[in-house]
Amino acid sequence: MSGTKTTHPEKLVQGPARLVVLLGPQAGLRCELARRSTLGRAIGSALGLEDSGVSRKHAEIRCTDAGWEIEDLNSRNGTRVNGVQIQSSSKLLVGDKIQLGPNVLLLFTDRGAVEGALIERQKFELLGRVAAGIAHDFNNVLSVLGASASYLRSNKPAVGADPEEMSCLDDMESAVANGARLAHRLLGFARGSRHGRSVVDASAICLEIGQMCRRAFDASIRLELDVNRGLRVLADEGELEQVLMNLCVNARDAMPLGGTLTLRACERMPSTSAAQRLAFSGPHVVLSVEDTGSGIDPSHLPRIFEPFFSTKESGAGFGVGLATVKELVTLHGGIVEAESEPGRGTVFRVYLPTTQGFSPLRTATITPDAQTRRGMGGGRRVLLVDDDELVRRSTGRLLSRAGFQVDEVSNGREALTRYAGGPRPALVLLDLDMPGLDGLETLGELQKIDAKVRVLVVSGHRQPTKEQAVRAAGAGFLGKPFDPAALTDAVRTAMLDDSLWNDDEPTTQS
């Protein structure tokens with residue numbers, strides 16, 4: 001090996017490396033290096049250098065146990081590292097300059113910590129946008145299911161209803177409520193915001209997840225629970241459930257032929273390595289999910305929490321489960337760590353700070369007066385604008401049952417035509433996310449037609465900036481999915497004029 005000493009402190013690149021073209025036809029081009037990368041003019045080279053002074057296969061850069069090195073491939077014009085021509089191979093350090101022929105100069109560098117963190121943040125932002133889109137579509141589906149179940153329930157007689165049918169409706173409405181909480185968590189994750197935190201019983205959550213896994217997982221998976229009682233943490237209950245369920249599903253997938261899944265929960269001092277990464281000192285609640293599966297290759301272990309990184313076969317996983325776990329745990333002031341041995345299994349440990357002295361949050365109650373005023377549509381006209389036919393149909397049923405006259409249109413342009421042509425509705429129920437003219441744009445055009453138009457905007461995609469813009473424009477806002485009571489209350493509130501609800505006879509608006 002020949003070369004020259006560099007003037008900068010020696011820094012070996014152990015992880016990802018790259019080249020930056022400093023001089024040459026493609027100056028400014030950056031290239032991420034594989035473990036073996038060929039440089040030259042040939043098709044398939046890491047850098048397709050368009051310079052006649054560069055050979056088709058000029059040099060090779062490779063990663064070895066000792067770090068990165070470069071070798072000249074008998075090029076006609078030679079390869080130089082920091083101005084010194086190499087005869088065979090030369091070690092590469094951060095900041096080394098590589099010259100190929102007379103005209104091309106490259107910089108060898110690594111991906112800095114700040115840049116690496118930025119890339120990871122961008123991955124999470126992409127994941128957040130995907131989650132927000134999924135939540136929006138999911139909320140539309142839940143709106144249809146919830147509205148249809150409520151309509152069917154309202155058709156059942158108060159006495160003599162079939163118990164099994166009523167039980168099915170109970171299950172449907174419970175599933176809709178659970179799905180709405182899941183969509184709410186997806187949107188919270190997408191925005192990086194936290195809400196709904198309270199003191200929760202982590203022990204009870206672990207036991208509940210354990211029982212759920214017993215019912216859902218194959219009988220070849222043996223589940224063991226070792227959960228201390230009375231463990232309390234300040235958390236979003238749904239997000240903590242999501243963390244544990246993701247880890248349990250991951251453990252199940254690691255044991256396709258069966259094995260033992262152990263879920264543990266205790267309070268203890270963190271290990272030395274964990275304590276260095278935790279924001280709080282003292283005892284922590286430690287939740288562990290352990291499997292006896294295939295284990296994780298040591299080369300993959302540092303990357304398992306990266307978004308979109310997966311060791312599963314193509315199509316078997318998207319690489320978001322463990323990334324979500326890490327993000328949620330971090331936002332709760334904790335950490336998650338993993339230990340694994342190929343052939344013997346993996347254990348994930350979640351550290352969360354203990355909390356004492358907090359009281360659970362209280363939820364608001366609905367007054368009897370508000371209850372009695374629900375469903376009093378009084379024959380008033382509502383223009384329902386939504387591009388989803390199922391949402392229009394199910395929401396229209398609820399409004400009709402509540403006593404409203406409902407006109408349905410599928411887009412903003414049609415809504416403007418219908419509103420301008422009359423008769424004027426008492427309220428426009430307007431979807432925010434529509435192709436073409438969206439809810440905000442339609443709202444603005446409606447206000448040009450009638451400055452006093454009453455509008456209630458609904459959306460399954462809770463975007464704070466758009467929601468604020470809707471409210472700033474004087475319209476109401478209602479998130480999907482909604483139950484019949486929430487819908488009728490919101491419609492009544494958006495109509496603004498309480499005198500409309502005190503008439504002895506329904507009035508017809510024109």
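Predicted model: local features only at pLDDT ≥ 70, side-chain atom pairs only at ≥ 80, totals over all residues.
Residues are numbered from 1 along each chain as its sequence is written, and side-chain values use heavy atoms, with hydrogens and water left out.

The protein has 12 helices and 23 strands; these are DSSP runs (helices H or I with at least four residues, strands E with at least two), numbered from the N terminus. Of the 510 residues in the protein, 44% are buried, where buried means under 20% relative accessible area, exposed over 50%, and partly exposed in between (1.4 Å probe, protein chains only). Among contacts (heavy atoms within 4.5 Å) between residues at least 6 apart in sequence, 65% join residues at least 24 apart.

An antiparallel open sheet contains 6 strands in the order β2-β1-β11-β10-β7-β8. Its edges are formed by β2 (30-32) and β8 (84-85), each of which pairs on one side only; two strands pair if DSSP finds at least two bridges between them. Within this sheet, β10 (residues 97-100) runs antiparallel to β11 (residues 104-110), to which it is joined by 4 bridges. In β10, Ile98 and Leu100 make up a covered face, and Lys97 and Gln99 an uncovered one.

A further open sheet, with mixed pairing, comprises 5 strands in the order β4-β3-β5-β6-β9. Because β4 (47-48) and β9 (89-91) at its edges each have a single partner strand, one side of each is left without a neighbour in the sheet. Strand β3 (residues 36-40) runs parallel to β4 and is joined to it by 2 bridges; glycine 40 stands opposite glycine 48 in β4. Strand β5 (residues 59-64) includes cysteine 63, which counts as buried at 15% relative accessibility. Cysteine 63 is 27 residues from arginine 36 in sequence, and their C-alpha atoms are 6.6 Å apart in space. When neighbours within four places in sequence are left aside, cysteine 63 is in contact with Arg35 and Trp68.

Strand β22 (residues 455-459) is largely enclosed by the rest of the structure, because 5 of its 5 residues are buried. Both of its faces are covered, with Val455, Val457 and Ser459 buried on one side and Leu456 and Val458 buried on the other. The parallel strand β21 (residues 427-431) is joined to β22 by 4 bridges, and leucine 430 has valine 457 in β22 as its bridge partner.

Helix α8 (residues 389-401) contains arginine 392. This arginine is buried, with a relative accessible area of 13%. Apart from neighbours within four places in sequence, arginine 392 is in contact with Leu384, Asp386, Asp387, Glu408, Val409 and Ser410.

Helix α8 also packs against helix α12 (residues 484-495) at an angle of about 70°, with the axes 10 Å apart. Axes are lines fitted to C-alpha atoms, for helices over the stretch in contact, and angles run from 0 to 180 degrees between N-to-C directions. The two helices are therefore roughly perpendicular to each other, given that angles under 35 degrees count as roughly parallel, over 145 as roughly antiparallel, 65 to 115 as roughly perpendicular and the rest as oblique. Thr395, Leu398 and Leu399 of α8 make the contact with Pro484, Leu487 and Val491 of α12. These residues divide into 5 nonpolar, 1 polar and no charged; Ala, Val, Leu, Ile, Met, Phe, Trp, Tyr, Cys and Pro count as nonpolar, Asp, Glu, Lys and Arg as charged, and the others, Gly among them, as polar.
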